[in-house]
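Thanks for coming, everyone. Let me put the model on the screen, and then we will walk through a few spots in it.

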Amino acid sequence: MYPLPHAPFLRLLPEGACFQSDSATLIVADVHLGKSAAFRAKGLPVPEGDSARDLGRLLELAGKHQAHHLVIAGDLFHSSAGMTPELEAAIGDFIVRLGIPVTLVAGNHDLKIPNLPVALRSVPYLDLGHDFRVVHDPEHARGGGLHIAGHWHPVVKIPDGKRTSLRLPCFLLRQNTLVLPAFGSFTGGAVLDASPDDRVFVALREQVVELPPALVR
Amino acid sequence: MPNASIQSLFAAKGWEPLEFQKATWEAYLAGSSGLLHAPTGLGKTLAVYLGPLAENLEVGAGCQILWLTPLRALAADTLRALREPLATLAPGCEAEARTGDTPAALRARLRRKLPHTLVTTPESLSLMLTHADFSEKLANLRCVIVDEWHELLGTKRGVQTELCLARLRAWFPAVRIWGLSATLGNLTQARQALLGDAFEGSVEITADLGKSIVIDTLIPWEIDRFPWSGHIGTRLASQVADEIEKSNVTLLFTNTRSQTEIWFQELLAIRPRWKDQLAMHHGSLDRAERDRAEDGLRNGALKCVVATSSLDLGVDFSPVDQVIQIGSPKGIARLLQRAGRSGHQPGRVSRIVCVPTHAFELIEFAAARDAALACKIESRFPVERPLDLLVQHLITCAIGRPFEAGAMHREVRSTHAFSKLEEHEWEWALGHISNGGNALAAYPNYQKARLENACYTVDDKRLITRHRLSIGTISSDPAVSVRFANGHKLGTVEESFISRLKPGSLLVFAGRHLVLVRFRERIATVKPAPRKGRGNIAIWGGNKMPLSSELSHAISRRLQGEGAPSAEMAAVEPILDIQRRWSRVPDDQSLLIEHARSREGEHLFLYPFAGRLVHEGLAALLAFRISRSSGEAIHTTQNDYGLSLTSKRGLLLGEGRLRDYLTTDGLLDDLVACMNTAELARRQFREIARVSGLVMQAPPGQKDRSQRELQISATLLYEVLDRYDPENLLLIQSRREIMEKQLELTRLTAVMQRLQSLDYHLIETKNLSPMAFPLWADRLSATLPAGDAASRLEAMLNTLNQAAAQA
């Protein structure tokens with residue numbers, strides 16, 4: 001767990017989530033459930049499995065940290081083509097087994113889905129106390145408090161060796177916005193165009209480390 | 001009598017038909033298919049074209065002759081060559097080209113009505129198969145001619161051609177198929193691959209009219225005592241410039257795009273007055289830049305064009321009277337092909353001047369000449385059972401016209417590539433293109449082709465559009481476009497190159513000195529450099545071609561002292577003499593192993609003469625096996641002649657131990673363990689995923705927002721398949737392809753088996769021998785870093801921390 005210097009109750013988890021310890025709130029972004037089903041519906045043969053896997057990872061993570069509240073910073077779902085009856089059943093089962101409130105800060109993908117499962121509380125943004133606000137799109141950050149966002153699927157690319165580079169999902173702290181990596185297994189990433197003041201954190205084995213600026217370029 | 005009209009054409013031109021031309025006409029008119037093998041510039045176009053043309057001179061009977069060319073850049077030249085006899089013999093008939101470059105208006109016209117002769121590429125032919133009425137438009141098809149078949153053979157495009165030809169044979173059993181090929185070591189197999197089950201009764205015609213090829217070498221005035229790879233790289237530039245001066249138009253071939261940029265700059269520095277008469281040509285230059293070079297060659301306005309293999313093929317540049325090869329030719333066929341770019345008319349002599357970039361290449365040139373004289377040319381082996389291409393083709397066919405599984409199975413198996421297709425592979429492919437099939441339980445609700453009246457059909461409009469855009473097998477890596485602020489495009493570079501430069505950095509690209517202004521969203525904006533500085537020469541990845549087995553064998557014979565006296569061998573003798581005195585001259589009848597010590601520790605040098613890819617695999621394997629027992633880290637390097645191992649200690653091994661380490665037992669497992677094959681296979685999967693339609697290639701120039709949610713990287717897809725469908729045949733194919741492509745597994749296994757039976761010469765050297773030196777000097781150029789992401793990142797962080805602590 002990596003405590004952020006100016007946000008003492010907020011920790012970055014190597015699983016690609018963040019945890020507000022005083023309120024026991026677990027925050028993840030961009031799960032994109034039902035993505036492979038959406039691909040199959042369009043005639044692309046992608047096997048099923050990641051949606052169930054990601055829900056399993058979320059359950060485990062919430063249990064490990066004894067979370068009291070799960071917040072999704074947007075894009076829990078991929079598209080309406082992926083909202084199969086199987087997925088809706090899996091979500092229902094997940095919420096029951098999780099046993100804590102789930103709040104969805106609706107992302108651009110979620111907004112295109114006509115009927116979100118009723119057990120989800122869907123909000124445009126969420127204030128968490130300590131002047132923290134969860135939004136989906138980092139562009140929607142307003143005011144001076146710390147914003148927690150998703151949407152960008154940030155990935156950092158580190159050249160190593162002559163013609164090779166490492167590509168790692170990362171947390172990005174830019175001014176007062178913390179952008180979470182995409183939590184979903186079947187999600188791509190966008191290599192970030194780092195500015196000089198950006199701070200970048202990646203998972204390294206069981207911990208989160210901050211990358212020295214020399215590696216981020 | 002069709003022959004009569006041909007005779008009259010020749011009489012009118014004052015030509016005398018050549019023997020092989022007559023033989024080809026007769027074979028065609030007798031109803032045979034076949035393969036004509038002839039060097040370029042011998043009138044082979046007339047040989048294969050006049051038979052079918054003269055057979056029926058009627059106008060307006062739809063498309064009668066289909067001409068397949070591997071390069072769309074060749075289509076225009078081919079059209080010119082075909083229209084000439086067409087205008088004389090059948091003035092009312094038309095010839096047109098349909099390729100990716102064809103303007104939309106002409107393409108629309110060709111959709112309505114096909115000309116008498118249609119010139120096209122395998123990709124465009126596939127695309128036309130998706131049109132329901134294509135078979136009706138071809139109802140009078142009599143002959144398909146496949147030009148430059150040797151270029152397609154050995155690639156997936158070749159298999160695509162085979163599948164298209166099978167479709168045409170199924171529609172029109174009487175259609176005759178003729179291939180044109182340069183010299184190959186396996187011409188019979190090439191004909192089998194072309195004709196599939198129509199091979200029976202086909203003919204092979206050879207036109208070897210003693211077209212003489214002269215292979216000369218530019219002998220350096222002074223030979224370095226210790227050459228290393230690339231060391232005398234441009235040292236001979238002024239001698240080369242003198243040669244260019246002596247000729248009218250020179251084509252100067254290099255082996256890599258970077259070398260092209262370097263030689264262009266070098267020549268310009270030596271002869272600034274050639275500024276407007278010097279051009280360059282390589283695959284990463286913008287089309288307009290390349291066209292300028294090609295036009296300049298055609299009309300003789302240029303003095304010299306510096307090129308890569310992008311100019312190996314086709315196009316007839318008659319003014320070219322000299323070809324220069326910089327560095328190792330790597331193979332005999334390639335050297336002959338390049339030599340053939342000069343003297344492009346029957347009866348003229350083709351001359352190539354070879355320029356060594358290091359001393360041992362002198363031996364390669366002498367050896368290549370020996371092998372060319374003895375006609376020991378490389379083979380190209382046809383690709384077998386690429387399932388990615390099979391599923392693409394099945395969708396192509398289903399879009400065009402619903403097919404019945406049994407008939408299609410027979411059709412596919414009538415090709416050479418899929419003649420050994422297994423039942424389970426066929427069932428898998430059918431499942432993959434339709435609803436997942438029984439075996440694919442992990443694919444609920446998937447549907448592509450539908451079964452209707454027992455026939456597979458695709459009728460979803462969006463699927464069809466998407467498929468048409470993705471037909472083909474050429475997948476290029478996403479490249480960064482280099483352009484001026486006004487939009488003028490220069491070409492493309494790789495992201496890994498440009499991302500290491502900062503705004504304001506100097507670079508050399510497309511023969512220009514440039515300054516990087518900015519790099520954003522796959523576009524690098526540049527401006528001309530105010531003054532000439534030492535810019536970064538653009539570099540591209542991609543595999544270096546290994547030395548062919550035939551050429552390395554010829555080299556080994558030269559090293560044993562065989563062959564006629566030659567200037568090359570005389571020039572390199574002082575270096576061979578040192579090698580002989582300090583160690584021994586290696587050959588492929590025994591294995592020379594040198595052991596040496598230096599400040600870095602111990603070195604082991606082996607010279608199996610098997611090409612750099614095999615040596616890379618062998619070096620990694622030996623390092624893995626030795627360090628498994630010694631526990632020491634081992635660094636490896638390799639070149640086309642041999643490989644080296646470097647370690648602090650533990651390399652002083654007896655012959656028995658070395659033989660143990662070189663065993664083929666457990667070869668595959670050890671290779672998988674040491675070569676980061678998982679990572680390599682993941683990369684190979686990108687091509688397979690595109691060909692098989694698993695990922696979509698964004699249509700050029702436009703970003704369709706509605707398709708955005710379907711964008712996914714092949715890497716991610718590989719991981720998902722690996723997790724939930726590990727037996728997926730496309731994954732297995734990518735692992736197999738990478739083993740062959742990156743490691744030449746077949747050749748590696750054969751080499752290791754050969755090494756078992758050879759005598760070993762273990763020699764302790766006091767100084768690094770001339771052959772060891774380049775391997776030692778190469779030790780700093782790293783290859784693929786080993787280890788998983790976490791350990792690589794940890795290593796980098798540690799290095800940074802140590803540096804910080806010392807500061």
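**Domains, cavities and salt bridges**

Let's start with chain B. It splits into domain 1 (2-206), domain 2 (213-373), domain 3 (385-472), domain 4 (480-537) and domain 5 (584-698 + 708-807). Those bounds come from an automatic or database domain assignment. Between domain 4 of chain B and domain 5 of chain B, the C-alpha centres are 34 Å apart.

Some ground rules. This is a predicted model, where local features need pLDDT of at least 70, side-chain atom pairs count only at pLDDT 80 or more, and totals for chains, interfaces and linings use all residues. Residues are numbered from 1 along each chain as its sequence is written, chains are lettered from A and ligands numbered from 1 in the order in which they are written, and side-chain values use heavy atoms, with hydrogens and water left out.

Now the cavities. A cavity here is a set of points, on a 1 Å grid over the protein atoms alone, where a 1.4 Å probe fits but cannot get out; lining residues have an atom within 4 Å of a point. Grid points are joined across faces, edges and corners, and volume is the space filled by probe spheres set on the points. How many cavities of 30 Å³ or more are there? Seven.

The largest cavity holds about 100 Å³ of space. Its lining includes B:Arg98, B:Met128, B:His131 and B:Asp133. Two elements of chain B give two or more residues each: α5 (104-112) and α7 (134-137). Helices here are DSSP runs (H or I, at least four residues), numbered from the N terminus, and strands are E runs of at least two. The largest share, three residues, is from α5(B). By class, that lining has four nonpolar, one polar and five charged residues. Charged means Asp, Glu, Lys and Arg; nonpolar means Ala, Val, Leu, Ile, Met, Phe, Trp, Tyr, Cys and Pro; the others, Gly among them, are polar.

Next, the second largest cavity, with about 50 Å³ of space. Among its lining residues are A:His32, A:Asp50 and A:Phe186. Here α2(A) gives the most, three residues. The classes are three nonpolar, four polar and three charged.

Keep A:Asp50 in mind. It forms a salt bridge (a side-chain nitrogen of Lys or Arg within 4 Å of a carboxyl oxygen of Asp or Glu) with B:Arg723, and the closest N and O atoms are 3.0 Å apart. This pair crosses between chains, with B:Arg723 in helix α27 (residues 714-724) of chain B and A:Asp50 in helix α2 of chain A. Buried or partly exposed? A:Asp50 is buried, at 4% relative accessibility, while B:Arg723 is partly exposed, at 31%. The cut-offs: buried is under 20% relative accessible area, exposed is over 50%, partly exposed is in between (1.4 Å probe, protein chains only).

Over all chains, the search finds 55 salt bridges. In one of them, B:Asp312 pairs with B:Arg338, closest N and O atoms 2.9 Å apart. The two sit 26 residues apart, B:Asp312 in the loop between β11 (304-307) and β12 (322-326), B:Arg338 in helix α14 (residues 332-339). B:Asp312 is buried at 9%, and B:Arg338 is buried at 0%.

Another joins B:Asp459 and B:Arg450, with 2.4 Å between the closest N and O atoms. B:Asp459 is partly exposed at 43%, and B:Arg450 is partly exposed at 29%.

Methods: 1 Å grid on protein atoms, 1.4 Å probe; cavity = no way out; pocket = protein on both sides within 12 Å on 5 of 7 lines; lining within 4 Å.
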